[in-house]
Amino acid sequence: MKALEEKILKEGKVLPGNVLKVGSFLNQQMDSDFIMEIGNEIARLFAGEKITKVLTVESSGIALAVAAGIALHVPSVFAKKHKSANMSKEVYTAAVYSYTHKETYEIAVAKEYLEKDDVVLIVDDFLANGNAVRGLMKIVEEAGAGLCGCAIAIEKGFQGAGDELRAQGIRIESLAIVDSMTDESVTFRA
Ligand code: 5GP
């Protein structure tokens with residue numbers, strides 16, 4: 001998505017530890033029209049699928065999941081994050097190591113919001129080492145639901161998880177794939 005690459009080049013900041021900051025339009029302040037453009041693009045890419053639910057993890061995936069859900073006319077669900085194990089029988093859970101916070105937390109989705117006959121599209125803002133997406137995939141599997149793929153705004157291609165998941169046969173659609181980034185430049189996969 002050319003417009004996303006341009007926005008990253010104009011407004012993104014590379015922080016130490018290979019973290020790309022996009023707080024001005026995606027992660028803290030949200031550019032409403034642009035978020036909806038991303039939602040529409042995700043809906044266009046997955047138009048052939050019979051998606052019944054969009055799934056993400058709080059908090060930074062929520063805006064994009066809602067936009068995709070609006071464009072696809074389906075509900076969006078977000079997994080909640082907890083620091084410690086939640087043993088409730090009412091939730092599906094997965095352990096996720098956070099790339100940005102350097103700690104493991106548990107994500108949980110209430111069982112009533114994911115059912116066997118759901119066809120799920122996972123949406124997130126970033127794909128780095130793939131832990132968040134893999135945690136969400138585990139939850140979809142536990143629910144016995146179908147997974148039609150993952151839509152990611154920004155994949156950090158140099159961290160490899162996107163290609164690993166593709167090699168496993170998972171459909172990963174990333175709207176911008178960063179090949180490399182330094183303080184001075186960000187380059188995208190052609
Ligand atoms: P992963 O689990 O794939 O390693 O990392 C994905 C999660 O970490 C995303 O949900 C995102 O919130 C966060 N993340 C990973 N890399 C970055 C980054 O470069 N910038 C920002 N803002 N978030 C990131």
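1. Where does the ligand sit? The ligand sits in the largest pocket, where sitting in a pocket requires that more than half of a molecule's atoms lie within 2 Å of the pocket's grid points. A pocket is found on a 1 Å grid over the protein atoms alone, as an open set of points where a 1.4 Å probe fits, with protein on both sides within 12 Å along at least five of seven lines, and its lining residues have an atom within 4 Å of a point.

2. Please keep in mind that this is a predicted model, in which local features need pLDDT of at least 70 and side-chain atom pairs count only at pLDDT 80 or more, while totals for chains, interfaces and linings use all residues. Residues are numbered from 1 along each chain as its sequence is written, and side-chain values use heavy atoms, with hydrogens and water left out.

3. Around the ligand there are 17 residues, and those that come nearest are Leu20, Ala128, Asn129, Gly130 and Lys156; a residue counts here if one of its heavy atoms lies within 4 Å of the ligand.

4. A polar backbone atom of Asn129 is 2.7 Å from a ligand oxygen, a polar backbone atom of Ala128 is 2.8 Å from one, and a polar side-chain atom of Ser60 lies 3.2 Å from one.

5. The pocket's lining comprises 31 residues, with Ser60, Thr100, His101, Asp125 and Phe126 nearest its centre.

Technical notes
Polar contact = N/O pair within 3.5 Å; in protein donor to acceptor, adjacent residues only side chain to side chain.
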